[in-house]
Amino acid sequence: MVPYLFLGFAAMLVATALMVVLHKNPVTSALFLVLAFCSLAGIYLLMHAEFLGMVQIIVYAGAIMVLFLFVIMYLNLKHDIETGVQTAVRRGLGWGLGALLLLTSGTLLTRGWSMGPVLAELPAQGEGNAAAIGKVLYSRYLFPFEITSILLLVAMVGAIVIAKGRKGPEGEGA
Amino acid sequence: MAELWGNAVFQVAFWAILKVGIILFVMLTVVSYLILAERKVCGHIQARTGPNRVGPFGLLQPLADVGKLLFKEEFIPADANKVIFHIAPMLAVFPAIVTLSIIPFGPPPMFQVTDIQVGVLLFLAMSSLGVYAITLGGWASNNKYALLGGLRSSAQMISYELAMGLSIIPVILEASSMSLNHIVDAQAGPLQLYGLTVPFLPNWMLFKPHLMLPFVIFTITMFAETNRAPFDLPEAEGELVAGFHIEYSSMKWALFFLGEYMNMLVISSIAITLYLGGWRGFGPEKFGIIWYTLKLAAFIFFFMWVRWTYPRLRYDQLMNLGWKILLPAAVVNVLIAGIVVYWRAHA
């Protein structure tokens with residue numbers, strides 16, 4: 001049962017990811033990206049990572065993509081004229097990054113999918129992976145966790161400063 | 001056939017599909033009568049009787065309504081994005097139906113489709129997907145009023161989702177589980193308050209002092225998440241005509257309403273499960289579904305009562321309430337609940 005479900009989700013993931021890149025309408029592309037995130041969440045669920053699957057939907061599909069959609073919908077992208085130079089730079093970057101990705105995946109394939117260090121101890125049955133993730137996150141990976149939260153705080157403060165700055169000298173903020 | 005029946009996977013799938021079918025059928029019927037109930041409640045609050053012509057006490061009114069909607073002409077605006085215009089109403093119903101699969105309607109495993117360890121997160125995930133229906137519906141209609149309605153709705157739902165998620169965390173801490181079944185089990189028996197047992201009161205989360213404010217916050221955000229008055233700014237017929245569903249007609253319009261009422265049922269069920277002891281009540285466990293139905297009916301009546309009693313908030317009031325009052329209050333409550341739970345475990 002699980003292998004068939006995995007095939008289904010994986011096929012959907014690849015198909016929707018391709019549609020994100022290939023579709024002309026940016027809003028439709030964004031919606032396909034939402035579908036791609038949802039199929040990825042399905043794959044997480046099949047790997048018994050329920051917590052990760054749900055957080056994937058909440059954070060990516062529910063929060064980040066809504067903001068993406070906002071930007072795409074309300075900034076009119078139809079009249080975005082691009083010069084030849086921009087297109088050339090973008091194409092070049094695309095080819096370069098694509099080649100890099102192909103190279104890395106090729107190396108990985110020849111090495112037989114060794115994915116680096118794997119957590120040695122699996123969470124106890126019945127404990128649930130939310131508890132397991134919490135324990136590891138607040139002990140072994142506490143420092144990266146705190147660094148990430150400081151990064152987010154900096155981004156938030158930056159966004160507020162930019163939003164306040166538009167008011168000019170008479171506004172309450174600088 | 002017997003061989004197939006012996007297969008464990010087949011049995012699980014069979015019972016799950018049967019339960020899903022029953023729940024869907026019951027919920028769709030309930031929704032059609034909720035609309036009648038809404039009109040009746042509205043009528044009596046405004047000192048009139050409400051619909052009473054079709055059948056005894058107007059009980060056949062839902063049939064008449066659905067018949068009218070089915071035969072209405074379906075209209076699609078010329079410059080609408082056709083595919084998204086069709087998908088948006090379906091998206092309004094889908095998250096609510098998915099969430100129904102984890103709600104314990106009575107003692108498990110009989111009255112629940114499935115119990116997952118991250119039940120609360122599934123609910124939050126689905127309610128965060130609910131934004132798409134209204135945003136896309138408003139955008140695809142290619143109408144200024146619809147677009148404004150969709151824009152307002154997404155801003156509103158994103159703002160209130162945060163406070164809602166934070167108001168659930170104290171409950172998760174108290175029950176030390178995200179499974180809805182465990183949360184219901186943690187509310188069994190008489191009230192336990194900081195080591196004391198209070199007789200005559202059930203051990204519901206609502207009665208614990210450090211969980212009272214989260215309940216109030218959850219109840220307020222509940223109205224915002226379902227886009228019901230006093231938070232029905234996406235529709236705001238006075239200024240936006242009908243908001244995001246202005247261009248929708250016939251069954252597509254009905255799907256938006258189905259979604260709204262389904263969402264009401266689901267979110268009330270979650271509130272009952274998290275704070276009001278779920279299906280637990282006095283008497284034997286098999287009466288669970290009766291207690292559940294009573295609590296749900298009370299909650300739905302509360303929804304309608306508020307809708308026909310309070311005026312709509314202004315947009316800046318809505319944002320102030322969400323970001324400057326509910327969110328900080330919820331954050332403080334997470335801290336308080338954390339301290340209480342830690343103190344109890346280590347004292």
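Visitor: Why is the crossing of helix 1 of chain A and helix 2 of chain A called left-handed?

Guide: A crossing has that name if the near helix is turned anticlockwise from the far one by less than a right angle, clockwise being right-handed, and the crossing of these two helices of chain A is left-handed. The model is predicted: local features need pLDDT of at least 70 and side-chain atom pairs 80 or more, while totals for chains, interfaces and linings use all residues. Residues are numbered from 1 along each chain as written, with chains lettered from A and ligands numbered from 1 in written order.

Visitor: What makes helix 1 of chain A and helix 2 of chain A roughly antiparallel?

Guide: Their axes (lines fitted to C-alpha atoms over the stretch in contact, with angles from 0 to 180 degrees between N-to-C directions) cross at roughly 160° and come within 8 Å. Angles over 145 degrees count as roughly antiparallel, so these two helices of chain A are roughly antiparallel.

Visitor: Which residues meet there?

Guide: Among them are Leu5(A), Phe9(A) and Leu13(A) in helix 1 of chain A, and Phe32(A), Ala36(A) and Ile43(A) in helix 2 of chain A. The residues of this contact divide into 17 nonpolar, four polar and no charged. Nonpolar covers Ala, Val, Leu, Ile, Met, Phe, Trp, Tyr, Cys and Pro; charged covers Asp, Glu, Lys and Arg; the others, Gly among them, are polar.

Visitor: How is helix 2 of chain B placed against helix 3 of chain B?

Guide: Helix 2 (residues 8-45) and helix 3 (residues 61-71) of chain B pack at about 105°, with axes 9 Å apart. The range for roughly perpendicular is 65 to 115 degrees, which makes helix 2 of chain B roughly perpendicular to helix 3 of chain B. Tyr33(B) and Leu36(B) of helix 2 and Pro62(B) and Val66(B) of helix 3 are among the residues making the contact.

Visitor: How does the reach of helix 2 of chain B compare with the expected value?

Guide: Its 38 residues reach 53 Å from first C-alpha to last, close to the expected 56 Å, where the expected span is 1.5 Å times one less than the number of residues.

Visitor: How many residues of chain A are in contact with chain B?

Guide: 16 residues of chain A are in contact with 16 of chain B, contact meaning C-beta atoms, placed from the backbone, within 7 Å. Helix 3 (residues 50-74) of chain A gives the largest share of the chain A side, 13 residues. That side divides into 13 nonpolar, two polar and one charged.

Visitor: What is the secondary structure of chain A?

Guide: Chain A has six helices and zero strands, these being DSSP runs (H or I, at least four residues, for helices; E, at least two, for strands) numbered from the N terminus.

Note on methods
Two residues are in contact if their C-beta atoms, placed from the backbone, lie within 7 Å. Angles under 35 degrees count as roughly parallel, over 145 as roughly antiparallel, 65 to 115 as roughly perpendicular and the rest as oblique.
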